[in-house]
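Work through the exercises below with the structure in view. Try each task before reading its solution.

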Amino acid sequence: MGGPSGGIKMVDARDISSKQKQIAVSEFFEKNKHFLGFDSLQRSLITAVKEAVDNSLDACEEARILPEIKVEINRLKGDDIELISQDNGPGIPRDAIENVFGKFLLGSRFHAIRQTRGQQGIGITGVVMYSQLTTGAKTRVVSKIKNDSSAVFVELGLDTRKNKAIKSKERRDVWLDENTGKEVIHGLKIATIMKAKYQRGKQSVFQYLRMTSIVNPHATISLIVRDRDGEIIEDAKWIRTSERLPRVVEEIKPHPHGIQLGTLQRMLRESEEKRMTSFLRHNFSGVSMRAAKELLSSSEIEEIRNPKRINSEDAKKLIEAFQKVKLLPPPTDCLSPIDDLLIKKGLSKAIDSRFASTVTRLPTVSQGNPFQVEVGLVFGGDLSADGPIEVLRFANRVPLMYQQGGCALTKAIESINWKQYGLDHPGGKGLPKGAAAVLIHLASTNVQFTSEAKEAVSDNEEVSNEIRKGLLEVGRGLKNHLKKNTQRKKAREKFELVNVILPEIAKKTSKILGREEPDLAPVITQIMNAVFCEEELGWDKERKLATCSIQIFNYTARARAYTILLKWPESDMVSIVENSNGGRKEARGIWAWRLDTLNPGSSTTIHISLSGLSKGDWTDTDVFFRGNGDIIGATKIDEKILEEIRKTEALSAVRKEIHEVNNIDTDVGEEKVIHVVTENGTNQEKIDIFSKFEEDEV
Amino acid sequence: MSEIGQRKSKLEVKEALKGIAAEMHNKMEKGVPPSMTLPVRAKTNIGFDNKLGVYKYGKKKSTRDATSLGSARQLLRSLHVTEFIEQMIDSGKSSTLREMYYISEGWGHGKFGSQNESNNLAEDLEIVTKCLREDFKLRPEEDGARIIGNITFEERNRKGDWMRINCRDDVGDSGYGVPYNVESEKLTLIDEDVDFIMAIETGGMFDRLVENGFDEEARCALIHLKGQPARSTRRIMKRMSQEWNKPILVFADCDPWSFRIFASIAYGAIKTAHISEYLATKEATYLGITADDILAYDLPSDELTKQDLGALDSELTDPRFNTGYWKDQINLMKEIGKKAEQQSLAKYGLDFVTDTYLPEKLADIGLAY
């Protein structure tokens with residue numbers, strides 16, 4: 001259901017089928033509370049928090065406000081719990097409050113399709129209803145919109161027969177924030193009392209908010225829980241790690257591949273179009289004039305027929321034609337991926353780890369529904385090494401907390417052979433074990449769930465394949481990280497050997513024998529007999545620069561000459577501002593330095609600084625080299641792959657140019673698809689090429 | 001390595017230790033990593049020495065050189081130990097291996113990671129220098145054996161006086177405690193009036209035989225091995241065998257670990273194969289309990305565990321057990337899948353071991369009384 005706050009599109013009352021209308025809404029609620037999320041005391045509280053927070057996030061996003069959400073839970077007598085949720089969103093205009101909080105919205109067919117959080121769940125009305133049914137309490141709402149001089153204070157109940165809100169005690173007043181004492185310029189606060197239970201653990205309000213903060217790095221979320229005596233028993237705050245709001249998603253029309261007969265018939269019935277050709281072109285995405293004609297001829301319907309006159313027989317034929325005729329895929333800019341870098345930030349604010357790898361896959365289409373998969377993996381640090389890894393599932397930025405085992409997202413994780421990537425995976429079955437957490441985000445205009453409870457995503461091969469590809473990518477990253485760790489450990493040991501232990505041995509033998517200390521340089525060369533490379537990524541707090549130092553030691557008996565290549569997160573926003581050794585751009589995201597000859601026993605350091613990144617953005621990189629003789633800690637560059645990167649780059653530059661020319665024509669359809677493919681395509685291909693490097697080494 | 005039994009002067013010991021430092025120093029002067037060469041100390045590198053009649057290390061050598069951090073640390077430790085021993089020799093002190101382990105706390109990067117490391121290193125140095133631990137003034141922590149029987153030693157006490165001790169008349173129920181150093185400067189074998197010497201694995205059985213007066217009845221000396229026998233225990237048995245020419249019998253449990261106890265007494269232990277001729281009593285006989293005994297006496301027994309079976313299999317490839325007798329015993333044990341303790345003989349009463357079992361077993365090897 002659409003996010004209700006902020007005067008956003010509401011589903012038309014017509015959508016509620018007449019049959020459902022006749023049942024008293026409270027009865028409907030009672031009957032269906034299991035899938036509405038109000039079936040247990042513990043879950044009811046989570047659901048209530050979820051509805052409130054989802055609404056706040058959606059409203060802030062639309063109003064382009066960085067969200068600041070406070071959740072307060074107070075234990076009262078018995079099972080009574082007071083829930084207070086406050087945001088800094090746009091607020092709800094006085095006249096819309098009744099609709100937002102008072103209408104039960106049934107049915108979830110949209111004419112316009114896009115990805116919203118609110119698509120899941122029942123909406124905030126459910127909270128009002130649940131409170132009223134369990135404690136008889138009214139829900140208190142305070143709403144302030146920017147342009148009004150005062151805020152609206154109102155108490156809401158529900159007329160469950162008429163399916164509408166009953167307002168009481170309405171007044172206007174200045175709203176002062178309870179903590180700061182300052183006037184609230186815009187925002188919404190709801191407070192209600194319900195029968196519920198606050199508990200800790202895997203399925204808890206805490207976990208829900210923690211997960212929400214991971215996929216909403218632009219939000220600051222806090223939670224305070226008080227016991228009956230007023231003592232604070234939980235006090236958590238997840239501060240935003242990004243100032244970037246998710247982009248506003250475009251609404252798109254449904255794609256014929258995903259349409260069912262009933263929906264088609266309703267659309268035909270309600271259409272204002274006079275001719276079938278225009279009906280098809282204007283109500284669906286991916287249908288051009290040519291395609292519309294082809295669809296109609298394939299289903300033997302005259303082009304000039306009035307949509308209202310199409311009988312069910314014809315509609316069935318049309319549905320068949322939808323699958324037969326070649327159509328453009330739907331545009332994918334109706335999706336709002338979190339972005340791999342932001343997921344990394346989100347993960348880092350909730351989990352302290354040593355390694356994080358994230359990937360945003362290209363948008364894809366399954367049965368007419370655009371979808372996009374994002375995967376993140378964190379390893380080490382505070383994560384517990386005992387037991388299975390933590391799984392963080394999200395659909396359209398909403399955490400999924402129940403039915404983990406039956407979820408397609410979980411099954412995708414289980415289908416990977418994690419042993420290959422350095423995690424313990426007994427028998428190759430179930431979840432792998434170890435100090436890791438895996439995040440999967442499925443963004444889609446139509447997430448298919450296994451049940452109405454909307455807690456587990458149902459099996460879909462295309463979705464699973466995309467997730468698996470994403471997992472393999474982050475898995476390779478993990479493997480690389482672990483390999484690097486062992487290499488580093490070995491190198492460190494060698495350094496300790498020659499720099500600490502060996503000189504002590506020489507000192508001791510000299511003392512015992514009364515002889516002079518020997519020159520150790522040739523001994524060191526012989527022990528090390530390799531060129532070592534160690535890179536260190538850092539953060540210059542003062543100047544807000546991401547830094548990288550690469551140190552190369554020649555511990556061989558021969559002089560060496562190398563070109564060192566570094567992978568860096570090149571983008572329009574990120575640039576190199578300091579560079580000790582000059583060098584040149586080798587390809588997009590790869591910088592190269594030709595080093596002076598390194599004599600035996602000598603070392604050199606390259607240092608660069610990047611602007612445009614935040615702390616924690618650049619935590620992992622790869623160093624490559626060109627030249628004779630191996631370097632421990634760097635990978636020999638594959639010239640063929642480098643050539644491929646250059647070609648891809650050239651190709652995408654051409655495509656971009658074409659796109660810019662075409663962009664003058666603003667018609668939806670073909671061009672937009674290309675647009676998405678080019679923009680993200682470059683990035684995607686680049687990542688895949690790097691993963692090839694990693695595999696080559698195996 | 002026959003010279004090992006001959007004791008070295010303080011100067012010789014110090015020179016031998018300096019040899020270790022010299023090998024390292026010379027290598028470094030030549031521009032190569034310092035190293036120490038040692039025989040491989042594993043069952044794959046022990047062979048029967050026909051001349052000595054015991055098992056000794058073979059030709060396989062391993063070089064410990066400073067190309068890995070672990071080995072380099074070992075070399076540094078060896079030098080610290082060398083220096084430490086020199087200091088002890090000069091000041092006339094001695095220390096236990098455990099004390100050395102704690103002293104190593106002050107050795108910076110040369111400190112030991114565990115007590116086991118210091119024990120092994122002391123053995124390494126013995127092997128390389130052909131000196132004995134006693135020459136290094138290093139004492140083991142290990143508990144020496146107890147002896148009861150009509151035999152007489154003279155032991156030099158702390159005051160430096162020789163003290164005569166009869167192991168039947170001058171001791172209590174716990175017997176004579178064998179000191180860690182049983183070399184001639186500390187201990188002299190004076191007199192005996194026994195027909196054989198019997199080493200017993202467990203304290204329970206030792207006490208049973210003492211209580212039953214078996215030493216007098218059978219005219220023997222009883223030694224309590226306390227599990228895997230300490231070096232001094234094996235050395236004193238070797239001396240009694242050599243100097244008194246008395247049969248040495250071993251009475252142990254019937255399990256793979258007891259077989260190993262016997263092997264270390266009779267053939268030499270893998271860890272101390274460099275001094276086997278000095279510690280091993282090739283004339284020793286395994287009296288029981290044998291795998292046949294389990295069947296013949298219908299003894300209460302336990303199932304062999306996975307570890308037991310692994311140990312038996314390992315013994316089948318151990319050159320020391322490569323004889324018809326041991327192969328039969330090991331295979332029979334695997335076949336019946338059982339093991340038995342010495343004390344399982346109590347099934348037939350407390351006196352069964354002294355009244356029936358031992359007289360029968362002794363008669364089998366011609367030692368009837």
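**Exercise 1.** Find how strand β8 (residues 151-156) of chain B and β9(B) pair.

Solution. Strands are DSSP E runs of at least two residues, numbered from the N terminus. Two strands pair if DSSP finds at least two bridges between them. β8(B) and β9(B) are joined by five bridges, in the antiparallel sense. Take one position: B:Thr152 faces B:Asn166 of β9(B).

This is a predicted model; local features need pLDDT of at least 70, side-chain atom pairs count only at pLDDT 80 or more, and totals for chains, interfaces and linings use all residues. Residues are numbered from 1 along each chain as its sequence is written, while chains are lettered from A and ligands numbered from 1 in the order in which they are written.

**Exercise 2.** Place the strands of this sheet in order and find its edges.

Solution. The order is β9-β8-β11 in chain B, an open sheet of three strands with antiparallel pairing. β9 (162-166) and β11 (187-192) of chain B each have a single partner strand, so one side of each lacks a neighbour in the sheet.

**Exercise 3.** Describe the contact between chains A and B.

Solution. Residues are in contact if their C-beta atoms, placed from the backbone, lie within 7 Å. Chain A gives 21 residues and chain B gives 22 residues. On chain A's side, α13 (461-513) and α14 (521-528) each give two or more. α13(A) has the largest share, 14 residues. The predictor's ipTM for the complex is 0.75, and its pTM is 0.65.

Methods:
Two residues are in contact if their C-beta atoms, placed from the backbone, lie within 7 Å. Helices (H or I, at least four residues) and strands (E, at least two) are DSSP runs, numbered from the N terminus.
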